[in-house]
Amino acid sequence: MKELKNILSLGRVFWDSQVLLTSVKLKIFDYLGDFNDPKALSKKLKVNERALKMLLDALSSLGFLEKKDNLYKNRDKYAGYLVSDSEESITSILIHYYNMWNDWGNLIESIKTGKPNDRKKKDQEESYHFINGMDNLTKFYKNNLISNIDFMNSKRILDIGSGPATYLREMLKKNEKLKGVILDLPQAILVAKQKLKKEGLINRVRFIEGGVEEKDFGSDYDIILISQVLHALNRSVCKIALEKSFNALKKGGKIYIHEFYLNERRTAPKDNVIFCLNMLIHSDGGDNFTISELKDLVTSAGFFITNVIRFKKPPTVLVEGVKNNYYSNPKPISGK
Ligand SMILES: C[S@@+](CC[C@H](N)C(=O)[O-])C[C@H]1O[C@@H](n2cnc3c(N)ncnc32)[C@H](O)[C@@H]1O
């Protein structure tokens, strides 16, 4: 019976998911800091009153709202995440999930053809939510990653596919001598620039606008960070990115590759396995890596691997490699 219940609830979990995503897209949570009446709210949101009441009841049943005397209010424990302008907000990543809805609904096409089924090119707002969504996810864990990067002794760092520059901004704040170069696609650089400007860091960063496959990386870097980028590229572009990185680093310089990982059988961790299908749908040949595939990629470009750190939440791996260093024995994998 437990199995039956599991299958049925997984089969329609997208109903619950759409209740949440539609509400975030409508910014409902932004209006429910205090108890609010659905009639007034339907006018503000320009939606149908009866339908809105149904949606608010559904949100209450899912635990996101409190309902009292036919008025609704955010539950405190979720409010910070669901209100769009709060420090802890994750509404960009939720809107990004909302935007992926139709593509995922057409998964069957990608399974038949083996090709992505991106419904259309992202407009500026969609790109913003994708890139800012990365910040929504990493802002809670950024110190886990950067505490394992040797940036305090570095002067020049290249951050490839920096997105919202969450890690770079943190490293620049912690090491005042550090200067950064970001290589990324134009829509991502737009968001990185906004965030760097807001934090007074923009003058310490230069920008190379374009893809790893076409751009010159520059030279003399102490560190190169490639975090959560390689899974979106096909394997021959990944190889090019690693080879160019090797040439762009100083002797003794370090490369850091941060990725979701798969076990050797490619069946766990569950979220990372499902994410491979997200890459099938949304990229031209992207996929997650097993840890040995990542290590091979790094060593084939000429690096010696000096550290491999696995993080549990979310399940990612950081591979550190050195150019022309003396180490030749990788340290054993350490868990975190
Ligand atoms: C998932 S985000 C990762 C952002 C950030 N590094 C992080 O770890 O949170 C992927 C980034 O890779 C960038 N990207 C995708 N394809 C790229 C390419 N061919 N060359 C350079 N950057 C690329 C995207 O624009 C985006 O900023």
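**Around the ligand and beyond**

Modeller: Happy to! This is a predicted model. In the shell around the ligand, helix H8 (124–138) and strand S4 (179–184) each supply at least two residues.

Biologist: Which element gives the largest share of the shell around the ligand?

Modeller: H8 and S4 each bring at least two residues to that shell. The largest share is three residues, and the element supplying it is H8.

Biologist: Which residues come nearest to the ligand, and how does the shell divide by class?

Modeller: By class, the shell has ten nonpolar, eight polar and two charged residues. There are 20 residues around the ligand, and those that come nearest are Gly 161, Gly 163, Ala 188, Gly 211 and Ser 227.

Biologist: At what angle do H8 and H11 cross?

Modeller: Ser 127, Tyr 128, Ile 131 and Asn 132 of H8 meet Gln 187, Ala 188 and Val 191 of H11. That contact has four nonpolar, three polar and no charged residues. The crossing of H8 and H11 is right-handed. Helix H11 covers residues 186–198, and its axis comes within 9 Å of that of H8, at an angle of roughly 60°.

Biologist: And is the crossing of H2 and H6 left-handed or right-handed?

Modeller: Helix H2 (residues 13–25) and helix H6 (residues 91–105) have axes 9 Å apart and pack at about 115°. From H2 the contact uses Leu 21, Val 24 and Lys 25, and from H6 it uses Thr 91, Leu 94, Ile 95, Tyr 97 and Tyr 98. These residues divide into six nonpolar, one polar and one charged. As for the sense in which H2 passes H6, it is left-handed.

Biologist: How many bridges join S9 and S10?

Modeller: S9 and S10 form a hairpin, with four residues between them. Within this pair, Phe 311 stands opposite Thr 316 in S10. Strand S9 (residues 304–311) and strand S10 (residues 316–322) run antiparallel, and the number of bridges is seven.

Biologist: Where does pLDDT stay under 50?

Modeller: The protein averages a pLDDT of 95, and 96% of the residues score at least 70. Where pLDDT is low, the predicted coordinates should not be read in detail. The model does have 17 contacts beyond four places in sequence for the stretch with pLDDT under 50, which is residues 327–336.

Methods:
Residues are numbered from 1 along each chain as its sequence is written. This is a predicted model: local features need pLDDT of at least 70, side-chain atom pairs count only at pLDDT 80 or more; totals for chains, interfaces and linings use all residues. A residue is near a molecule or strand if its C-beta atom, placed from the backbone, lies within 6 Å of it. Ala, Val, Leu, Ile, Met, Phe, Trp, Tyr, Cys and Pro count as nonpolar, Asp, Glu, Lys and Arg as charged, and the others, Gly among them, as polar. pLDDT is the predictor's confidence in each residue, from 0 to 100. Two residues are in contact if their C-beta atoms, placed from the backbone, lie within 7 Å. Two strands pair if DSSP finds at least two bridges between them. Axes are lines fitted to C-alpha atoms, for helices over the stretch in contact, and angles run from 0 to 180 degrees between N-to-C directions. A crossing is left-handed if the near helix is turned anticlockwise from the far one by less than a right angle, and right-handed if clockwise.
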